[in-house]
Amino acid sequence: MTEFLPPALIMLAGALLIGLTRGVVRTAVVLVAPLLTLLAVWQVPDGVVLTVPFLGYPIEPVEGSAVRRLFATIFSIMAFTGGLYAFRQAKWYELAAAYAYAAGAIGVSFAGDLISLFLFWELMALFSTVVVWCGGTPEARAAGIRYAIMHLLGGVILKVGIEGTMVHTGSVEIRPMLATDFDSWMILIGILINAAAPPISAWLSDAYPRSSPTGSVFLSAFTTKTAVLALILLFPGEKFLIWVGLYMVMYGIIYALLENDIRRILAFSIVNQVGFMVCAVGIGTQMAINGAAAHAFAHIIYKALLFMSAGVVIYRTGYNKCTEVGGLFRTMPLTAICGIVGALAISGFPLTSGFTTKTLISQASANEGLVVVYFALAAASAGVFLHAGIKFPWFVFFQRDSGLRPKDAPWNMGLAMVLFSLLCVLLGLAPELLYRFLPYPVDYYAYAPGKVVFYLQLLLFSGLAFFLLLPMMRRTNTLTLDTDWFWRVVMRRAWLATASAFRQAGDLLFGNHTRLQGWLRSKAHSYFGGAPRGLFAQAWPIGTTAIWIAVLLTAYVTYYYSH
Amino acid sequence: MESDESRPPASHGADPGEDDAWLARPASIRLLWRIFAAVLALSVAAQVVVEVKGYFGVDGWFAFGAVYGFLACLLMVVFAKVLGGFLKRSEDFYGVEEDD
């Protein structure tokens, strides 16, 4: 197997070469490395390809299967289109970090054992933090540190679970399990932190909008979706995930509705969309797993497209907030149209990729007779149209005229957006293209007329609700408290209070310490001090000394004879 | 009576007039609303011809998708509004917290 190159390694080499090359060669590396990776991804056969012994465990850095190749494929396509979108605008080190981050994601996709999974997992955490930092502002630096802390913490929890599993089962193999004991719970929690599951979801909406306009495109794609893949591989059918997923779906909608920052709206809708996938993994049937995988594939495309569209707006105007922009369709028609395509796709409008993949999940819940899940997902589909499908394009490209007349997207950004827009529509028109690569055989027809009518009603009337309720959705210059309030405010205050308590205790001790010292010193002084005053420093008359000696001798003799 | 000076200034862009982009003209917006209303009506009317196979009974009812979609959105917006009343803070909330 010497002639075989692991796909993640090609991507990593690309990241390295970006730093070593200049000009046209660097551009060539940016555009060719993901394509070579894609080629390598499709050379990976089913089963374990590479085995390396390590500490007595068989390490399997490359193991192929349909679902692994599917995720690695979309990660490679994402890296290519993201590279195309960013190569003329982003700093070279942002591109290099983003490619190393993508390499981590591809590495996780093919990781055959828990140890390699963990290594690539940490590679992602490391380089995604660098991508956040490339935002370049003090806020980006602070958010990057919070992001890194959260992911390192998640990594430690995952590591505890992995090591527990190694010790207790003697195996590091990746195989389906359920959260039954401490080890598996730790693994599950570690993965869920990366999936932005509650209560640790605030890192996503905190960090992603702080990155550069190009950085957020990469960030939107990899971390949460590798977590979905890890859940598919390790916890299919873990019922707990259904409720986690439903919570994420609703959380994303509500917080996005309250949000003013353009990219934060999209960040909350990542949580919402990943919620659909997590819920599907929880349902765990073949159709549900197919749905989770297909939806992840489609989601990466339309979510990156939305972030690209928002990125162009921020790149061209320098504004981040709904309250600052508006009416941009006049001079940015391409960006607006691509943004609308992405918005329709995320809403699952018929003829887009969102419709052909999300309905798989709804169908899976209906097949299992999960009434609550089915209706919650239907309500959530309406809510997605509300918070992302209309809200994003409406507030950015329409609403009032902000008076801004920025130029449309630079050619490379425009090309990347058009590419992904076409993919959104293509997968909507010809879902079989995607269905044949899903992990299980697909027996599903997305365009049953009754289903199309149902979803059209659902979505169109959500649109009506949006415009009728617009007065209730006026954007305000506010943020919404999230669970991160507990560590950014409560824990910080507790820390400050503890520090100040220790300081006071220290002061008190030190104060008493000096008082004690002073007292001892004055006593010593009174006994041993200078000749005129110190008790033992005075000159005593001989007679007094003789008397004292006589007294002591008498006492001693008396004591001696009395025994 | 309120004087004009005390009012906040209108949006800093031009008011959409007949010389503005087609999409921003009041006449076009009226037209778009009519088209939208027609599409809404059509989507419900389509259920006369197309049978919507409900999985759980109620979702097969006439115009169920329309009513459910509308009510779900209404509920979410109201819930978000109420929640926002408790959880909204000024944008520099964390800046003030973390800089002191």
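Okay, let's start with contacts, meaning heavy atoms within 4.5 Å: in chain A, among those between residues at least 6 apart in sequence, 81% join residues at least 24 apart. Quick housekeeping: this is a predicted model, where local features need pLDDT of at least 70, side-chain atom pairs count only at pLDDT 80 or more, and totals for chains, interfaces and linings use all residues. Residues are numbered from 1 along each chain as its sequence is written, chains are lettered from A and ligands numbered from 1 in written order, and side-chain values use heavy atoms, with hydrogens and water left out.

So, the overall picture. Chain A has 21 helices and three strands; those are DSSP runs, H or I of at least four residues for helices and E of at least two for strands, numbered from the N terminus. The radius of gyration, over C-alpha atoms, is 33 Å for chain A, well over the 24 Å that the globule rule gives for 563 residues, so the chain is more spread out than a compact globule. That rule, by the way, is 2.2 Å times the number of residues to the power 0.38. The C-alpha trace spans about 125 × 60 × 55 Å along its principal axes.

How are the domains laid out? An automatic or database assignment gives domain 1 (1–208), domain 2 (236–479) and domain 3 (527–563). The C-alpha centres of domain 1 and domain 3 of chain A lie 85 Å apart.

On burial, 59% of the 563 residues in chain A are buried. Here buried is under 20% relative accessible area, exposed is over 50%, and partly exposed is in between, with a 1.4 Å probe and protein chains only.

Now let's zoom in on helix H7, residues 182–194, where A:Ser184 sits. A:Ser184 counts as buried because its relative accessible area is 2%. Leaving out residues up to four places away in sequence, A:Ser184 touches A:Met177, A:Leu178, A:Ala179 and A:Phe235.

Then comes the loop between H7 and H8, which holds A:Ala196. A:Ala196 isn't a glycine, yet its phi is positive, about 65 degrees, and this residue is buried at 0% relative accessibility. A:Pro199 is in the loop between H7 and H8 too, and the peptide bond from A:Pro198 to A:Pro199 is cis, with omega near 0 degrees.

Which other residue has a positive phi of about 50 degrees although it is not a glycine? That's A:Leu55, in the loop between strands E1 (47–54) and E2 (57–64). A:Leu55 is exposed, at 70% relative accessibility.
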